Amino acid sequence: MADVTASPPLALPAPRRSAFARHLKAMLREPRVAIGGGFILLLLLVAIFAPFLAPKDPLEQDLMLGTLPPAGYAGAEPGYWLGTDDLGRDVLSRVLYGTRVALTVAFVAAGLAGLIGTALGLIAGWDGGRAGRGISPPPGISVGLPPGPPSVPLGALPGSRLPSRTAPPASIGWTRFCRVVRAETQAQASMDYVVAARTIGFSRLHILLREILPNVAPALIALVSLEMGIAVIVEAILSFVGLSVSSDTPTWGGMIAQGRQIVYQGWWVLVVPLTVLFATVLAFNQLGDGLRRALDPVMRR
Amino acid sequence: MNETLIDATGIEVTYGNGIKVLHGVDVSICRGETVGIVGESGSGKTTLGRALLRLVDVSAGSIRFDGRDITRLPEGEMRPLRRRIQMIFQDPMASLNPRHTIRRILSEPLKLHGLAKTAAETEARVAKMLERVSLPAVCLDRNPHELSGGQRQRVGIARAALLEPDFVLADEIVSGLDVSTQAQVLKLLKGLSADLGLSMAFISHDLSVIRAVCDRVYVMRFGKIEEEGACAEVFANPRSAYTRLLLDAIPLPEITPGWLDSKAGVEDAA
Amino acid sequence: MTAPLLSIENLNAISTRENGAPILRDVSLTLERGEVLGLVGESGAGKSTIAKALLGILPRTVQVTGGAIRFEGRDLMTMPSRALRDLIGTHIALIPQDPQTALNPGRRIEAQLTDALRLRRGLSSKEARARALKLLQEVHIRDPERVLRAYPHELSGGMRQRVLIASAFALEPKLVVADEPTTALDVTVQKQILRLIRDMQRTHGTAVIFVTHDLGVVAQTCDSVTLLYAGKVIEAGRTADVLTAPRHAYTKALLAAGPRYDRPDSGLEPVPPSVFEALRAEIGLG
């Protein structure tokens with residue numbers, strides 16, 4: 001604010017709108033956020049209302065109606081809009097129900113990874129020294145590894161319920177958060193406002209949570225979204241490999257595995273879940289990227 | 001009023017990479033007096049200030065505050081004392097949390113140290129201090145970046161003063177300010193200091209400011225004290241060649257023929 | 001009576017970013033050949049804007065809405081950009097404020113010093129190098145060979161500023177703009193740099209505009225001074241006159257606001273609000 005008449009002590013700062021309103025406006029204006037976020041929102045609605053949206057029971061098998069093509073193709077059965085798989089199950093319904101697994105894993109795994117990674121990152125970044133070194137090697141090691149392979153052995157753990165599905169992506173994903181939070185915390189910890197907080201006598205915990213974390217949080221918002229995309233892929237890989245649930249519960253990965261086997265007889269069984277998976281991950285990526293773009297310039301004042 | 005509040009002897013500070021920044025410094029500050037610490041970059045003046053506040057670890061020497069040895073006091077015991085030892089920073093943009101409102105920045109310390117029991121009391125104290133530092137009440141709901149440089153600096157002063165400390169360290173607090181803003185801020189600081197009976201350590205590279213604000217002065221160079229004494233004495237009869245150098249380097253706002261040609265500073269080596 | 005080297009006439013500029021807020025209001029000043037002028041004002045007064053206009057580096061958010069900048073009779077505001085760049089590149093030079101950021105950290109000093117010589121004078125590498133060596137000697141650098149080979153981070157702040165001064169005078173410009181050249185330097189080095197600028201100025205007969213907020217620097221180095229506030233010229237004249245007998249209340253107030261180590265009981269008087277009010281009324285800010 002180059003207010004040249006600010007020398008008199010009573011010059012007022014300019015009026016402004018609330019920070020939340022400004023951020024919201026910036027976010028909605030960014031196309032990536034609108035499109036990516038919109039798609040995720042759609043998926044969310046699909047996941048919640050799957051029982052009402054799915055035309056058929058996803059588990060119901062009818063061998064008489066096996067491997068039927070989607071609507072518009074010769075031999076399509078009315079009511080099975082995207083065709084059926086070799087066991088006669090409706091592809092569309094299975095894809096819709098598969099959204100539940102995908103999104104649940106996405107949110108829970110990313111949430112877990114975020115919580116663990118942020119907590120450890122804050123601690124590591126503040127100390128920088130002993131505690132920091134103890135925490136850092138795992139992130140350092142996993143820098144070069146894609147999230148899939150290390151998750152596989154973890155996915156082989158017994159149990160086909162939610163915990164066993166969210167643990168693998170979370171167990172690797174936390175390192176991403178940890179690294180970012182640690183670097184941000186270290187940068188913020190040397191700033192004068194943190195020194196000021198120390199001189200006032202705030203406890204370390206207070207400083208980490210109430211002073212530093214709010215300044216680190218913007219970097220995390222985009223990361224969470226990206227992490228969700230990664231979690232979806234990891235879950236798909238695990239179901240693909242058969243390490244996830246029984247093939248009854250519809251998962252996109254499982255559908256892709258199945259579809260791969262009968263790709264010459266029914267390409268749609270492979271293509272449909274693959275496309276939806278691709279679109280979902282793309283949406284998460286775009287959302288994350290868009291959030292980062294929208295929030296950064298607002299913050300960087 | 002000659003009771004010693006802060007007594008630091010033989011202070012040595014060594015950074016993690018082995019570089020010694022302070023080589024045995026002795027500083028003492030009495031109640032109610034304002035002491036200047038002047039030096040150029042690399043003199044160690046900032047490190048000395050932070051050592052006094054126990055923000056950096058002292059590798060040798062001792063610091064006594066109000067008779068109590070605080071040199072190696074664990075942080076838990078140091079915290080309650082912190083209310084009495086406050087600091088004002090050079091860059092208020094960096095020393096005020098960009099995500100907090102001014103109200104929060106000023107209120108939280110009061111609540112932490114129990115200086116205000118109710119929300120109403122906190123509000124009242126903050127409002128009174130705002131008026132004292134000539135800041136309009138609308139500032140309370142703003143973030144630091146929405147205020148001017150001079151206003152931010154006054155928030156920094158208000159924050160320190162609200163805790164009614166015994167001692168305040170002012171670290172280059174007017175270095176980036178215009179002459180007129182500087183004068184306002186310093187006048188405010190002097191007034192507050194008199195009202196609250198504060199002891200102050202004023203760190204600066206500007207000898208003219210020190211002369212106008214401080215009773216005594218320590219001249220630092222390369223981590224050591226070159227000269228110390230009452231301002232009147234040191235400025236009138238500087239004993240150290242370095243002090244003379246510093247004084248000579250200041251251009252006064254009246255034409256002094258030959259000033260530019262008189263003995264200049266140290267030749268800066270490559 | 002020859003025409004002045006530089007004549008700024010009723011220059012007006014606004015900020016396109018802040019809804020047309022005026023940055024310069026009817027600024028006029030003249031500079032003779034070889035004269036040293038102090039352009040003084042607090043932050044936001046417009047002195048940097050004027051300097052940038054002279055150097056042709058006004059940001060896009062600043063729009064000149066009226067007036068002229070005549071350099072040797074030619075109006076810089078109406079010149080085609082190519083001719084403008086040639087003129088500024090050859091005749092107007094800058095000594096920047098921060099020696100840290102003004103030099104390219106990835107290039108050796110020699111490269112940066114000889115750039116302009118080779119581009120504008122058409123000197124060969126050898127000739128340019130020889131000239132650069134002489135320049136470094138002129139600015140009292142004791143080991144010019146070593147400095148030429150060095151990278152900026154290997155030199156001290158004072159050395160870097162000397163290199164920048166050498167660079168400014170390399171093409172024998174008619175006007176040098178010194179933008180707060182000592183602010184980023186240690187106190188003990190500042191005086192040497194000021195003296196160096198004065199010596200170079202005298203040797204080469206260059207006119208200098210000192211952009212500064214420090215009236216002390218102006219007193220010791222400038223022949224004349226122009227004081228700005230909120231983009232308007234408040235007072236201007238010979239330094240001796242303005243400092244000993246200031247006419248405007250703001251000038252007097254500024255002089256009284258600065259602390260003086262030789263007068264402990266005077267100085268540090270904040271500028272009275274009445275002075276600011278009078279200024280605002282005068283400017284028309286209401």
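Which residues of H10(A) are buried? They are A:Trp252, A:Gly253, A:Gly254, A:Met255, A:Ile256, A:Gln258 and A:Gly259. Helix H10 of chain A covers residues 252-261, and seven of its ten residues are buried, so it is largely enclosed by the rest of the structure. The model is a predicted one, and every value given here is computed from it.

Chain C has twelve helices and ten strands. Its radius of gyration is 20 Å, close to the 19 Å that the globule rule gives for 286 residues, so chain C is as compact as a globular protein of that length. Along the principal axes, the C-alpha atoms of chain C fill a box of roughly 60 × 50 × 40 Å. Of the 286 residues in this chain, 47% count as buried. Among the contacts in chain C with a separation of 6 or more, 64% are between residues 24 or more positions apart.

One part of chain C to look at is an open sheet of four strands, in the order E2-E1-E4-E5, with antiparallel pairing. The edge strands are E2 and strand E5 (74-75) of chain C, each of which pairs on one side only. Strands of a sheet pair through backbone hydrogen bonds, either parallel or antiparallel. E1(C) and E2(C) pair in the antiparallel sense over seven bridges; C:Leu6 has C:Leu31 in E2(C) as its bridge partner. The loop between strand E1 (6-15) and strand E2 (21-31) of chain C holds C:Gly20. Is C:Gly20 buried or exposed? It has 11 C-beta neighbours inside 10 Å, and therefore counts as exposed; the cut-off for exposed is 12 or fewer. The C-alpha atom of C:Gly20 is separated by 39 Å from that of C:Leu113, a residue 93 positions away along the chain.

Another antiparallel pair in chain C is formed by strand E9 (residues 224-229) and E10(C), joined over six bridges. In E10(C), C:Arg238 is the bridge partner of C:Ser224. The hairpin of these two strands, E9(C) and E10(C), has two residues between the strands, and C:Ala230 takes a positive phi near 50° there. Strand E10 of chain C spans residues 232-238; five of its seven residues are buried, so it is largely enclosed by the rest of the structure.

Chain C also touches chain B, in a contact that takes 43 residues from chain C and 35 residues from chain B. On the chain C side, the elements that give two or more residues are helix H6 (144-149), helix H7 (157-169), helix H8 (187-204), helix H9 (215-221), helix H10 (239-244) and helix H11 (249-257). H8(C) provides the largest share of that side, nine residues. By class, the side of chain C that touches chain B has 20 nonpolar, 13 polar and ten charged residues.

Within chain B, the domain assignment gives domain 1 (1-84 + 171-270) and domain 2 (88-164). The centres of these two domains of chain B, taken over C-alpha atoms, are separated by 25 Å. Their contact takes 14 residues from domain 1 and 13 residues from domain 2. Helix H7 (residues 179-196) of chain B gives seven residues, the largest share of the domain 1 side. That side of domain 1 divides into seven nonpolar, four polar and three charged residues.

Definitions and conventions. Residues are numbered from 1 along each chain as its sequence is written. Chains are lettered from A and ligands numbered from 1 in the order in which they are written. This is a predicted model: local features need pLDDT of at least 70, side-chain atom pairs count only at pLDDT 80 or more; totals for chains, interfaces and linings use all residues. Two residues are in contact if their C-beta atoms, placed from the backbone, lie within 7 Å. Ala, Val, Leu, Ile, Met, Phe, Trp, Tyr, Cys and Pro count as nonpolar, Asp, Glu, Lys and Arg as charged, and the others, Gly among them, as polar. The radius of gyration is taken over C-alpha atoms; the globule rule is 2.2 Å times the number of residues to the power 0.38. A residue is buried if 20 or more other C-beta atoms lie within 10 Å of its own, exposed if 12 or fewer, and partly exposed in between; C-beta atoms are placed from the backbone. Two strands pair if DSSP finds at least two bridges between them. Domain bounds come from an automatic or database domain assignment.
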